[in-house]
Structure formats: C-alpha cells, structure tokens
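Student: I have a structure to go through. Can we take it as questions and answers?

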Amino acid sequence: MLRQLGADDPRFRALTFQPGLNILVADVAPGSRDTDSRNGAGKSSMIELLHFLLGERTDSSALALRPELRRVEFNLLLGWPQQAEPLRVSRTGTRAGWVHLEPLPSAADRGQLELDTGHVRIQEWQRLIERDLFGLPDDHAGIGGRNLLSFLIRRTTSNGYNSAVRSHGRQSDADATTNLAYLFGLDWHLADRYRLLKARDTARTQMQKAAQDPLLGRIIGNVADLRSEIALAEQRVRDLERQVADFRVVPEYERLREQADQLDQRIRQLRARDTVARRNLQDLQRALEEATDPDVSYLEPVYAELGVILTDQVRRRFDEVEAFHQSVVRNRRRYLDEEANTIREQLTESESELQRIGEQLASVLRTLQEGGALAALTTLQQVLGQQQALLSALRHRYEAAQTLEATKREIRQARLTLQQEMDRDIEERRGYVDEATVLFSEFARRLYSPDRTAYLRFDAGDKSLRIQPHIDSDNSAGIGNMVIFCFDLTVSVLAHRAGRAPDFLVHDSHLFDGVDDRQLSAALFLAAEVTAREGLQYVITLNSDDLDKARRRGFIPDPYLLPQRLTDRYEDGGLFGFRF
C-alpha cells in the first residue's frame with residue numbers, strides 16, 4: 001500500500017495514506033476570489049508524482065522536470081512484498097534516470113547500482129516493479145509494468161478516462177487487452193499474438209505500398225529472384241570458407257615470389273639469347289656453304305681467243321694468286337667452323353641451364369600455389385566477410401519479399417486460427433471470466449439498481465481480444481465514467497486476489513465529472529466497503545462540492561479524509577505550497 005508522498009521542499013504538503021478509502025479534498029479557501037480555481041490545486045499533480053516515483057520514463061513535458069521542480073527530491077513510502085519495512089523511493093528531475101531505494105530490495109541487480117550514491121537505474125526499478133508488484137515472469141513480451149500501473153493509476157493528461165479498456169488515448173486495442181488479459185488471468189500470450197499479427201499486417205501493407213515505387217521495388221526484389229541469388233551467394237561463401245580453411249601461410253612468401261620473378265626473368269633472357277644465337281648459327285652455316293675455292297681455269301682460253309700468249313712468268317703469278325685465295329678460303333672456313341661450334345656449345349649449355357632453372361621455378365611456384373602470404377589470407381578473409389554480409393542482406397531482402405508477397409488470405413487465416421484458440425482459452429478459463437462478470441455486475445448494480453443491465457463480456461475478436469464492460473444507459477458521460485470506476489475496481493480486486501497486482505487503486509476527480517450525486521455517494525460507499533473487505537487501498541481526489549453532494553446522500557467521509565486539504569488559494573494552497 002501507499003504510505004506517504006513527500007518532498008524535501010518544506011513548502012510541499014506531504015500526503016499520508018491509510019489502508020482502505022483515502023479522499024484528498026480540494027477546497028475553496030475562505031476569502032478566495034472568483035478568479036481562483038481548484039483546478040490548479042495539485043490533484044492531478046499527485047497522480048503525476050506517483051507515476052514519476054513509480055518508474056515513469058520522463059520527457060521534457062514531465063511535471064518533475066519543470067524548472068521550478070527539477071531540484072526538488074520527491075519521495076514515496078510504500079509497502080513492498082516480502083519486506084517487513086516499507087520501501088522509500090526518491091527521485092529528482094535533475095537525475096531522472098536514477099532512483100534511490102531504501103532499503104534496497106534483496107533481488108535488485110547490483111550491477112545497476114551506483115555505488116557511491118546507492119541509486120539504481122530507472123530500468124532496474126521498473127524491473128523490480130514488474131517482478132515484485134505484478135509477479136511478471138522474466139519473459140513477458142507484450143505486457144509491461146508501466147502499462148499495468150496505468151490501469152491502476154489512470155492519468156487525465158494521457159486521456160486515461162476516455163475508455164475503460166485503454167489506459168491512455170493512443171493505446172491500441174491489442175496492447176491494452178494483452179495487459180488486461182494478464183490482470184484477469186487469461187492467456188496473455190494468446191492475446192499478444194494479435195499484436196504480432198497486426199504488426200505483420202501493417203508491415204505487409206507498408207511494404208506493398210513501397211513496392212509500387214520503382215526504386216524501392218528494385219531494392220526489395222521478389223522471392224524467386226532472391227532465392228536464386230541467395231543460392232549463388234551461399235555457394236560463393238562456402239567456396240571462400242573452404243579456401244580460408246585450406247589456406248597455408250608461407251613465412252617467406254614475398255622472398256619466394258621475388259625469386260620466382262627473377263627465375264622467370266632469367267629464363268626469358270636465356271631464350272632471347274638462344275634465339276639470337278640460332279639465327280647467327282644459321283648465318284654461319286650459309287657463309288660456310290658460300291666459302292669455296294675460286295675457279296680460274298677459264299682465264300687461259302679467254303686470253304687465247306684474244307690472241308694473248310701468256311708467258312711463264314704470268315702463269316706463275318696466277319698460280320701464286322690462286323694459292324693465296326685458297327689459303328684465305330681455308331682460313332675463313334676454319335673461323336666459321338670455330339664460331340659455329342662455339343654457338344652450338346653455348347646453346348647446349350643454355351639448354352641445360354634452362355632445364356635447371358625451369359625445375360627450380362616449378363618448385364617455387366608449387367610452394368606458392370600451396371600456400372600464400374599472411375596479407376593474402378587477410379584479403380581472402382575480408383572478401384569472405386563481404387560475401388557473408390551480402391548473403392545476410394539478401395536473406396533480409398528475401399524475408400522482406402516474403403512478407404510483401406504474403407497474401408491477406410494467409411493473415412486472415414492466422415487471425416481465424418488465433419480467434420479459435422482465444423475462444424477455447426476463454427472457455428477453459430470460464431471460472432475467471434464468470435468471476436469478473438459477476439463482480440462487475442454486482443458493482444454496477446450497487447451504483448444504479450438491480451434492474452439495470454450490466455455485464456462484462458470477454459470475446460475473441462478478429463483483431464484483438466475484446467473486453468467490453470457495459471452498463472445500460474443513455475450514453476451519458478457520467479455513466480461512462482462509472483463504467484470505468486466499476487471496471488477498475490473489478491480489475492483491482494481480482495488481480496490482487498491472484499497476486500498479479502499491488503493493493504492500491506488511484507483515481508482523479510475527473511472520474512466523477514458529470515456523475516449524479518446518487519452514484520457519487522454510492523461509489524464512495526462501495527469503495528469503502530470493498531477495500532475494507534479485500535484489504536485494498538483506494539485513493540481518490542475530490543472537489544469539496546462533490547464531497548458535499550455525497551455527504552447529503554448519507555455518506556460520512558470524515559474517517560477517509562486525508563489530513564492535508566488542498567485549497568484554491570493562489571499563493572500557497574496547492575500541493576506544492578506555491579504556484580508556478
């Protein structure tokens with residue numbers, strides 16, 4: 001139960017709560033002016049501070065973050081399960097991400113604790129609320145402590161009084177009924193599947209619209225094409241993985257590669273030189289064939305025909321010239337033979353060297369082929385990583401394309417199946433459903449009459465679990481508010497009995513706007529009776545004129561009034577002791 005709401009600012013009007021019914025009254029101060037109003041007295045501010053101290057995530061619009069209040073440390077004293085002494089929660093707007101808990105609950109995560117101050121992170125405080133106040137399991141997707149608290153402490157600022165089955169105005173039916181299913185004891189996992197189906201249908205619709213855009217349509221692709229691309233990408237990844245697994249790093253890879261380049265260059269040089277040598281050998285062989293003795297036998301007949309008689313001296317001179325020329329030819333042939341033999345020997349040596357270098361080069365290349373440098377392995381691994389990222393992107397696109405190509409019929413079939421399962425669960429948990437229906441009807445008839453039709457219906461809809469509280473009426477705002485009152489009281493009683501919720505319920509005075517004074521007094525009678533019987537606490541804020549209406553109807557509020565009364569006096573009559 002809530003014990004006390006306070007602050008370290010001495011002007012703050014601390015509120016002390018008691019078990020059962022608690023009424024915080026906003027009164028008209030003596031001598032107040034016609035322009036004064038109780039709307040700024042702090043009734044709704046009390047609700048906001050309770051949410052702030054019970055783990056609300058704040059934004060710039062939060063009450064405690066206003067410049068006048070940022071440095072004020074607000075605190076809440078409340079009973080805590082499995083703990084003999086009450087728990088004190090303290091929080092300031094300057095450090096809204098942390099709360100101070102004293103004493104620290106035994107199961108708090110010490111890793112979320114700020115050791116020098118004893119503060120814990122707001123996320124850990126929310127987890128403790130979910131576990132200890134609501135008994136939520138570790139895995140509770142679809143429901144949360146903050147959503148559950150918003151049904152027990154409704155906020156006017158969040159339009160919490162617009163609908164009985166929603167805790168704030170922007171809450172979806174699937175989200176709201178999932179949390180209510182938990183409080184009522186139904187299978188909230190089934191109720192949460194409505195939310196997942198809605199998300200799937202929304203994604204399909206959005207992607208279908210996107211696919212109509214020429215650019216986005218190419219980005220998403222279609223299932224058939226992407227399936228083929230994925231198959232090829234998977235093969236590339238497997239090949240690269242195998243290459244990486246088989247890769248052997250050669251320590252002297254760069255030196256061996258340089259040696260291979262040098263050997264290859266030497267081979268090229270030898271082959272070029274051999275080509276030149278073979279061409280020279282061919283020239284030498286042609287020269288040998290052309291190097292023959294000169295034929296001079298034709299000279300004497302020619303001279304005879306000319307009538308020239310050659311003397312012995314002349315003939316001797318011709319013989320000497322012929323012998324000289326024969327000597328020259330022999331010397332040339334000998335030179336050409338020697339040059340040709342030298343080239344042949346050179347070619348033979350070159351062939352041997354080419355064979356030796358070729359074997360050496362083949363050995364080096366085999367070593368390089370079997371392994372590689374560390375840099376090459378790193379590059380190969382980078383390529384593998386890129387291909388894996390590409391494969392992952394293709395798979396995401398494939399999933400998106402599958403979602404896009406999912407038909408409405410498939411989603412409709414899933415909803416039909418879920419609807420049937422939800423119907424079976426409601427039937428199987430008929431005891432919980434009947435108990436809630438009877439209790440709600442009892443509360444409603446206490447406010448109106450036994451003849452008034454009132455019921456609480458649970459139904460498996462096509463888009464969400466449907467929970468419909470109803471009191472037969474003319475659709476007036478007052479009766480609508482009393483539907484919320486009876487519904488919240490029903491939820492509080494049943495959830496507390498089952499250990500699925502704490503023992504307090506808080507309402508703002510807006511709940512009784514437009515409510516007939518007979519129903520107002522009956523509601524206060526009922527709240528006092530039920531809270532005393534069930535061991536609950538009900539905190540309500542009321543304007544003094546509404547309280548007077550109930551008093552005239554026989555309700556005696558004195559045992560339930562909080563000692564601290566708020567007034568419309570502008571300077572210091574409100575909850576904070578000053579106006580801002």
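Student: Which residue in β12 stands opposite Phe504?

Tutor: This is a predicted model, where local features need pLDDT of at least 70, side-chain atom pairs count only at pLDDT 80 or more, and totals for chains, interfaces and linings use all residues. Residues are numbered from 1 along each chain as its sequence is written, and side-chain values use heavy atoms, leaving out hydrogens and water. Strands (E, at least two residues) and helices (H or I, at least four) are DSSP runs, numbered from the N terminus. The residue opposite Phe504 is Gln537.

Student: How many bridges join β11 to β12?

Tutor: Strands pair if DSSP finds at least two bridges between them. β12 covers residues 537-543 and runs parallel to β11. The number of bridges joining them is four.

Student: What is the strand order of the open sheet?

Tutor: The sheet has four strands, with parallel pairing. Its edge strands, β11 (504-507) and β13 (566-567), each pair on one side only. The order is β11-β12-β3-β13.

Student: Which helix lies across β11 and β12?

Tutor: Look at residues 477-497. This helix runs at about 165° to β11. Axes are lines fitted to C-alpha atoms, for helices over the stretch in contact, and angles run from 0 to 180 degrees between N-to-C directions. The helix is α14.

Student: Why are α13 and α15 oblique to each other?

Tutor: The axes of α13 (residues 430-447) and α15 (residues 517-534) come within 8 Å. Under 35 degrees counts as roughly parallel, over 145 as roughly antiparallel, 65 to 115 as roughly perpendicular, and the rest as oblique. The pair is therefore oblique, with a crossing angle of roughly 140°.

Student: Is Asn179 buried or exposed?

Tutor: Asn179 is found in α4 (residues 173-184). Leaving aside neighbours within four places in sequence, its contacts (heavy atoms within 4.5 Å) include Gly142, Asn147 and Phe151. Buried means under 20% relative accessible area, exposed over 50%, partly exposed in between (1.4 Å probe, protein chains only). At a relative accessible area of 0%, Asn179 is buried.
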